[in-house]
Amino acid sequence: MKQNLDLTLYLVTDSQMAPAGKPLAQIVDEAIQGGVTIVQLREKTAETGDFVRTALEVKKVTSKAGIPLLINDRVDVAQAVDADGVHIGQDDLPIEEARRILGDNKIIGVSVQTAEEAEEAIVKGADYLGIGTCYDTATKYVKVGPQGPQGVRSVWEHALKTGQRINRPVHAVTIGGVNSYNAVHVLICTRTLADNVSLDGLAVVSAIMTAESPKTAAKLLRSQISFALESSWVAKQDNSKPLGVSRACQAIATVFDNVKSGKTTPLVQHITNQVVINDCANACLALGGSPIMASDPVEQHDLASAVSSLVINIGTVSDHQIAGMHAAMREARLHNTPIVIDPVGVGTTPFRKQVVKELLRDYGAHVIKGNAGEIAALFGSSEMQMRGVDAVGGGFKDPAKVVRELSRRERCVVVMTGKVDYLSDGVSTFAVHNGHSLQGHITGSGCMVGTALGTFIHQVANGDLLVGALTGVVAINLAAEAAALRSDVKGPGTFRAAFIDEMYNLTVDTLLKNMRVERVK
Ligand SMILES: Cc1ncc(COP(=O)(O)OP(=O)(O)O)c(N)n1
Ligand SMILES: Cc1nc(C(=O)O)sc1CCOP(=O)(O)O
């Protein structure tokens with residue numbers, strides 16, 4: 001990497017967004033104090049003279065801080081102020097020409113939207129790529145719509161392969177609609193599938209330029225970026241050792257005991273469906289958690305700092321609930337609170353599919369839980385279908401592969417419920433052989449699995465998400481087995497009440513004795 005080229009938090013300026021009377025150089029100075037590592041002066045409407053004057057003022061600030069100042073589009077302005085380099089787009093001066101004018105010591109960044117553009121830019125000597133457009137942005141008109149973190153990931157993967165082929169290091173940021181709410185998700189989701197290589201950082205305009213305090217905004221972004229780059233949440237899994245059954249079972253018992261014994265009482269926020277809301281609240285209590293059912297967008301900000309985990313269930317989703325889900329997930333991402341998504345009936349209507357697609361694109365999840373039909377719909381498989389909220393079909397030929405691949409694509413733990421439950425974090429995949437057929441005869445048994453996931457994953461978010469998820473699945477299934485054995489259980493009605501009782505009665509000893517967990521890959 002060129003000396004000084006640290007792309008961790010990249011500020012692209014827009015003086016038209018600056019509060020009246022506040023000089024751009026002052027905003028840049030505050031942003032650098034907050035943690036910005038590189039600045040690009042982007043003045044789309046400035047006359048050359050004004051552009052140069054502003055660049056000289058900003059350069060005093062960046063030089064003092066020892067960070068690079070790049071100029072957007074205008075190689076002549078970069079030369080005039082002896083900036084550290086330029087950032088050029090696909091319609092600007094060709095890279096070779098910019099390089100010829102500026103020489104090898106200057107930084108040249110190039111905007112790319114596609115794998116082909118990325119390959120060309122690298123081959124022609126770009127020092128870094130600005131991969132766009134990540135999300136919708138009001139800052140500029142973009143010809144091609146946003147590609148989301150997964151689209152950015154595929155451009156990044158191709159760029160890295162190109163670099164390997166020609167033996168040149170590749171650096172990149174993504175840009176477009178990036179802010180402190182989505183920063184962690186964007187960085188985790190854009191990591192390469194094969195070997196978990198992260199982007200170098202994130203580029204933002206409005207997230208800093210429109211902030212009341214650029215320093216505070218930059219500081220928050222920087223801490224979110226550090227968290228994402230350093231965290232071993234699911235996406236860094238490829239480098240970790242696969243989890244064996246005996247280690248998993250011990251860890252499950254510990255996680256279960258922490259909650260059951262009251263050592264920790266997670267506050268599990270649910271935005272869930274009207275059919276199961278009461279059962280889920282009771283299941284959460286019985287397992288040792290504390291439920292809060294809060295879906296109004298208005299209260300999400302105030303709730304967020306107290307919540308231990310967030311369970312999103314789209315079973316009876318409405319427009320109002322969707323607004324609440326977005327608000328809650330935004331806040332959850334900001335607080336690094338684990339999110340469970342239960343995409344109930346996602347294969348049934350295009351509406352549900354769209355709701356889930358947008359939630360996953362904008363915030364991602366830590367755990368996705370569904371029945372085989374729901375998982376098939378998310379995965380894009382026709383092996384299983386949906387009828388209402390139920391799965392129909394002969395079952396997946398290779399269910400472990402489906403959960404593993406969906407997990408790798410979405411960068412989260414995937415739980416597929418059924419006669420045998422499958423769980424994967426993309427590296428380790430487990431089958432849980434506990435449970436009882438009566439679970440299929442009451443409404444909400446799957447939703448209560450979502451509740452159990454929320455109850456047990458909060459304490460293990462860093463690195464052991466899969467263990468938390470396994471704990472939830474095992475606990476629910478063992479409670480079902482115990483309930484079904486009871487002489488007072490005559491059918492679904494009595495089972496429903498006994499099921500909650502047995503969640504309450506479940507002990508670590510029973511768990512250790514009866515759990516049937518198998519490692520399948
Ligand atoms: C870091 C970074 N990435 C992309 C862009 C977009 O540049 P470009 O395509 O030249 O569009 P304009 O910025 O000129 O509107 C960027 N500026 N910075
Ligand atoms: C300057 C720019 N380039 C983009 C691209 O996709 O290449 S998107 C963009 C604007 C980014 O602004 P904000 O952070 O306010 O969304």
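This is a predicted model: local features need pLDDT of at least 70, side-chain atom pairs count only at pLDDT 80 or more; totals for chains, interfaces and linings use all residues.
Author: A crossover counts as right-handed if, with the strands pointing away from the viewer, the path from the first strand over the helix to the second runs clockwise.

Reader: What makes the unit of β1, helix α1 and β2 right-handed or left-handed?

Author: Strand β1 (residues 9-12), helix α1 (residues 24-34) and strand β2 form a β-α-β unit that is right-handed, so the path over the helix runs clockwise when seen with the strands pointing away.

Reader: How do you know that β1 and β2 pair?

Author: Pairing requires at least two bridges between the strands, and β1 is joined to β2 (residues 38-41) by 3 bridges in the parallel sense, so the pair meets the requirement. One example is V12, whose bridge partner in β2 is Q40.

Reader: Which strand is joined to β1 by another 3 bridges?

Author: That strand is β8 (residues 201-204), which runs parallel to β1, and within β8 the bridge partner of Y10 is A203. A203 is also the bridge partner of I175, and strands β7 and β8 pair in the parallel sense over 3 bridges. The unit made by β7, α7 and β8 is a right-handed β-α-β unit too.

Reader: Are the residues that point either way from β1 buried or exposed?

Author: L9 and L11 point one way from β1 while Y10 and V12 point the other way, and all of them are buried, so each has 20 or more other C-beta atoms within 10 Å of its own. In β8 the residues G201 and A203 point one way and L202 and V204 the other, and all are likewise buried.

Reader: Why is strand β13 called largely enclosed?

Author: Strand β13 (residues 367-371) has 5 of its 5 residues buried, so it is largely enclosed by the rest of the structure. Both of its faces are covered, with V367, K369 and N371 buried on one side and I368 and G370 buried on the other. Strand β12 (residues 339-342) is joined to β13 by 2 bridges and runs parallel to it, and V340 has V367 as its bridge partner in β13. From β12 the chain crosses through helix α14 (residues 350-362) to β13, and this β-α-β crossover is right-handed.

Reader: How many bridges join β13 to strand β16?

Author: There are 5 bridges between β13 and β16 (residues 413-417), and the two strands run parallel; I368, for instance, stands opposite V414 in β16. Since at least two bridges are needed for a pair, this counts as one.

Reader: What makes the span of helix α9 close to the expected one?

Author: Helix α9 (residues 214-230) has 17 residues and reaches 24 Å from its first C-alpha to its last, and the expected value at 1.5 Å a residue is 24 Å. Residues of this helix that are buried include A217, L221 and I225, and the buried residues of α9 pack against β1, α1, α7 (183-189), β8 and α8 (206-209). In helices of this kind there are 3.6 residues a turn, so residues three or four places apart point the same way.

Reader: Which residues come nearest to ligand 1?

Author: Of the 17 residues around ligand 1, the nearest are G89, S111, G130, I175 and A203, and at least two residues of the shell are supplied by each of β1, β5 (107-112) and β7 (172-175). The shell divides into 5 nonpolar, 8 polar and 4 charged residues.

Note on methods
Residues are numbered from 1 along each chain as its sequence is written. Chains are lettered from A and ligands numbered from 1 in the order in which they are written. A residue is buried if 20 or more other C-beta atoms lie within 10 Å of its own, exposed if 12 or fewer, and partly exposed in between; C-beta atoms are placed from the backbone. Helices (H or I, at least four residues) and strands (E, at least two) are DSSP runs, numbered from the N terminus. A residue is near a molecule or strand if its C-beta atom, placed from the backbone, lies within 6 Å of it. Ala, Val, Leu, Ile, Met, Phe, Trp, Tyr, Cys and Pro count as nonpolar, Asp, Glu, Lys and Arg as charged, and the others, Gly among them, as polar. The expected span of a helix is 1.5 Å times one less than its number of residues. Two residues are in contact if their C-beta atoms, placed from the backbone, lie within 7 Å.
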